[in-house]
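Subject: Structure handover

Hello,

Here is the structure for your files. My notes on charged and aromatic side chains follow below it.

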Amino acid sequence: MAHFAKIENGVVTSVVVVDDAYEANGETYLNGLGLDGTWVQTSYSASLRGKFAGVGDILNEELDRFEPVKPYPSWGWDEQLYGYLPPFEQPIKGSYNWDEETLTWIEEPIA
């Protein structure tokens, strides 16, 4: 089975399964079913476009890959981990949340 992600304004809004017989022309097939829009193939094995597309992911058209939403403006992309990382590592002990305003980890009290 092939999988296709619907793209609206660069964002994945749904992912559907298409029979392998229609894989080569998946977008045309889906539009013919009345599912009008832009459809891009994705793959569980991440062999297409870097990762399996999930709702809310972004299609980076320049690099032709799906990326998760950037959680904070200060976080940077890590190619090896294929995700965003904060500018500073999270402390190991305790429970912390990132505070974008101060660019620090804030320890959360344990209830």
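A residue counts as buried when its relative accessible area is under 20%, as exposed over 50%, and as partly exposed in between. E67, at 7%, is therefore buried. Please keep in mind that the model is predicted.

Salt bridges

Side chains of opposite charge can pair when their charged atoms come close. The cut-off used here is a side-chain nitrogen of Lys or Arg within 4 Å of a carboxyl oxygen of Asp or Glu. By this rule there are 5 salt bridges in the model.

One of them involves the E67 mentioned above: its partner is R65, and the closest N and O atoms are 2.6 Å apart. R65 is buried as well, because its relative accessible area is 12%.

The salt bridge between E8 and K6 has its closest N and O atoms 3.9 Å apart, which falls within the 4 Å limit. Here the two partners fall into separate classes: K6 is buried at 17%, whereas E8 is partly exposed at 39%.

Aromatic pairs

A pair of aromatic rings is described by the distance of the centres and the angle of the planes. The structure contains 8 such pairs.

W75 takes part in two that I want to point out. With W98, the arrangement is edge-to-face, at 6.2 Å between centres and 80 degrees between planes. W75 sits in the loop between β5 (65-67) and β6 (76-78), while W98 belongs to strand β8 (residues 96-99), so the contact ties together parts 23 residues apart in sequence. W75 and W98 are both buried.

With W105, the pair is tilted: the centres are 6.4 Å apart and the planes make an angle of 55 degrees. W105 lies in strand β9 (residues 104-107), so this pair links that strand to the loop holding W75, parts that are 30 residues apart in sequence. W105 is buried, as is W75.

Which residues make up the aromatic cluster around these pairs? Y72, W75, W98 and W105 form one cluster.

Regards

Technical notes
Residues numbered from 1 in each chain as written. Predicted model: local features only at pLDDT ≥ 70, side-chain atom pairs only at ≥ 80, totals over all residues. Heavy atoms only, no water. Buried < 20%, exposed > 50% of the residue type's maximum accessible area, 1.4 Å probe, protein only. Phe/Tyr/Trp six-rings, centres within 6.5 Å; stacked < 30°, edge-to-face > 60°. Helix = DSSP H or I, 4+ residues; strand = E, 2+ residues; numbered from the N terminus.
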